[in-house]
Amino acid sequence: MAKPGGREWDEAIWAAGAAGDRPDWADVMWYGVDADGRVGMFTSGGPGPIPRAVFLDLDAYNALGQHLRGLPVVGRPELLIRYKRTAVWQRAAERGLFAFNYEYDRGRPAGYRLVARPVAPVSLAELPEWVRRQLSEACLCGESFTTVAERVADLSGVRCGLVA
């Protein structure tokens, strides 16, 4: 198997996901939008389900991630879950993204939990057309990121289906 972080590693992850196999050996970072047009960053922790649309095009996914990671800092986020290392979720929320992590072994129901909440959420309408189009493919219809702090995010409304 390829080494984590390289192109071959990413290609192996995308090949598995495109075939409908959850890449549970990799912590996949993916992006989605809620029913209100707010943007979220998710880390799968390995076993977390991922929208099928994420695996359509690796290069488009990389461009989306680069664009979202390059958004300007809009403020210090509210940290809701304390892990030993929280930098990845804090950086996302500093840029207006709701930041989630998949938890499955903390004595609570498994699912994506909100780790960091932005003070000024970025709206889908503020982003370039190509970003809006790509994020809309992974829409969590029926979910609102602003109300998810005390529960797991509901992925049942993802139209493209899940690799789970």
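1. Does α2 pass α4 in a left-handed or a right-handed crossing? Left-handed is the answer for α2 and α4. A crossing gets that label if the near helix is turned anticlockwise from the far one by less than a right angle, and it is right-handed if clockwise.

2. A quick word on what you're looking at: this is a predicted model, where local features need pLDDT of at least 70, side-chain atom pairs count only at pLDDT 80 or more, and totals for chains, interfaces and linings use all residues. Residues are numbered from 1 along each chain as its sequence is written, and side-chain values use heavy atoms, with hydrogens and water left out.

3. On confidence, pLDDT is the predictor's own score for each residue, from 0 to 100. The protein chain has a mean of 90, with 95% of its residues at 70 or more. Strand β2 (residues 39-43) has the highest confidence, at 96, while strand β8 (residues 162-163) has the lowest, at a mean of 88. Helices (H or I, at least four residues) and strands (E, at least two) are DSSP runs, numbered from the N terminus.

4. Back to the helix pair. The axes of α2 (residues 58-69) and α4 (residues 129-136) come within 11 Å and cross at roughly 115°. Axes here are lines fitted to C-alpha atoms, for helices over the stretch in contact, and angles run from 0 to 180 degrees between N-to-C directions. From α2, A60, Y61, A63, L64, H67 and L68 meet W130, V131, Q134 and L135 of α4 (contact means heavy atoms within 4.5 Å).

5. Now the sheet. It is open, has 6 strands in the order β4-β6-β5-β2-β1-β7, and its pairing is mixed. Two strands pair if DSSP finds at least two bridges between them. At the edges sit β4 (78-79) and β7 (139-140), each pairing on one side only. Helix α3 (residues 87-94) packs on this sheet, touching β1 (29-34), β2, β4, β5 and β6, and its direction makes about 65° with that of β6. As for α4, that helix lies across β1, β2 and β7, at about 95° to β1.

6. Finally, the neighbours of β5. It runs parallel to β2, with 4 bridges, and antiparallel to β6 (residues 111-117), with 5 bridges. F100 stands opposite F42 and has L114 in β6 as a bridge partner.
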